[in-house]
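I opened this notebook to record what I looked up in the structure, entry by entry.

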Amino acid sequence: MKQVYEKKLQAQLDEWSAEINKLKAKADGAAADKQLEYYKKIEELQAMQVTATNKLTELKNASDDAWEDLKVGIDSAWDSLGHAFKSATSRFK
């Protein structure tokens, strides 16, 4: 069960990484006045992604008994990052 959960989170992280790369490409092509706003948002997303990556590492290092306790905090972090990505991508449209 733990490995399945880890794989699910890693797949989501990979998807978010790809999305950040798309946003960077869009920001590069944006007008100069919008670029600053876009890059600021991208930096925020990258910081949240680092936090999520750290949570995943914490989960991977947790014992089979302790990982269930970590799951609640990780789910919360994942939800926050997911909402932030949706918000950021809607601004890039």
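Entry 1, Q49. I located Q49 in helix 2; helices here are DSSP runs of H or I with at least four residues, and strands are runs of E with at least two, numbered from the N terminus. The model is predicted: local features need pLDDT of at least 70 and side-chain atom pairs count only at pLDDT 80 or more, while totals for chains, interfaces and linings use all residues. Residues are numbered from 1 along each chain as its sequence is written, and side-chain values use heavy atoms, with hydrogens and water left out.

Is Q49 buried or exposed? I found Q49 buried, at 13% relative accessibility (buried means under 20% relative accessible area, exposed over 50%, and partly exposed in between, with a 1.4 Å probe and protein chains only). The side chain of Q49 is joined to that of S17 by a polar contact of 2.5 Å. Such a contact is a pair of N or O atoms within 3.5 Å; within protein, one must be able to donate a hydrogen and the other to accept it, and residues adjacent in sequence count only if both atoms are side-chain atoms. Leaving aside residues up to four places away in sequence, I listed L13, W16, S17, I20 and L81 as touching Q49, where contact means heavy atoms within 4.5 Å.

I counted three helices and zero strands, in the order α-α-α along the sequence. The C-alpha trace spans about 50 × 20 × 15 Å along its principal axes. Of the 93 residues, 32% are buried. Among contacts with a separation of 6 or more, 72% join residues 24 or more positions apart.

How do the axes of helix 1 and helix 2 cross, and within what distance do they come? I noted that the axes come within 10 Å and cross at roughly 165°, helix 2 being residues 32-61. Axes are lines fitted to C-alpha atoms, for helices over the stretch in contact, and angles run from 0 to 180 degrees between N-to-C directions. The two helices are therefore roughly antiparallel (over 145 degrees; under 35 is roughly parallel, 65 to 115 roughly perpendicular, and the rest oblique). Their crossing is left-handed, that is, the near helix is turned anticlockwise from the far one by less than a right angle; clockwise would be right-handed. The residues of this contact divide into 14 nonpolar, six polar and five charged. Ala, Val, Leu, Ile, Met, Phe, Trp, Tyr, Cys and Pro count as nonpolar, Asp, Glu, Lys and Arg as charged, and the others, Gly among them, as polar.

I found that the axes of helix 1 (residues 2-28) and helix 3 (residues 67-91) come within 12 Å and cross at roughly 20°, which makes the pair roughly parallel. This crossing is left-handed. Helix 1 contributes K2 and W16 among others, and helix 3 contributes residues including W67 and T89. The contact residues divide into 11 nonpolar, three polar and four charged.

K2 lies in helix 1 and is buried, with a relative accessible area of 8%. The K2 side chain reaches the backbone oxygen of A62 at 2.4 Å. Beyond four places in sequence, K2 touches L59, K60, A62, S63, D64 and W67.

I placed T89 in helix 3, where T89 is buried at 18% relative accessible area. Beyond four places in sequence, T89 touches E19 and L23. The C-alpha atoms of T89 and E58 are separated by 28 Å, 31 residues apart along the chain.
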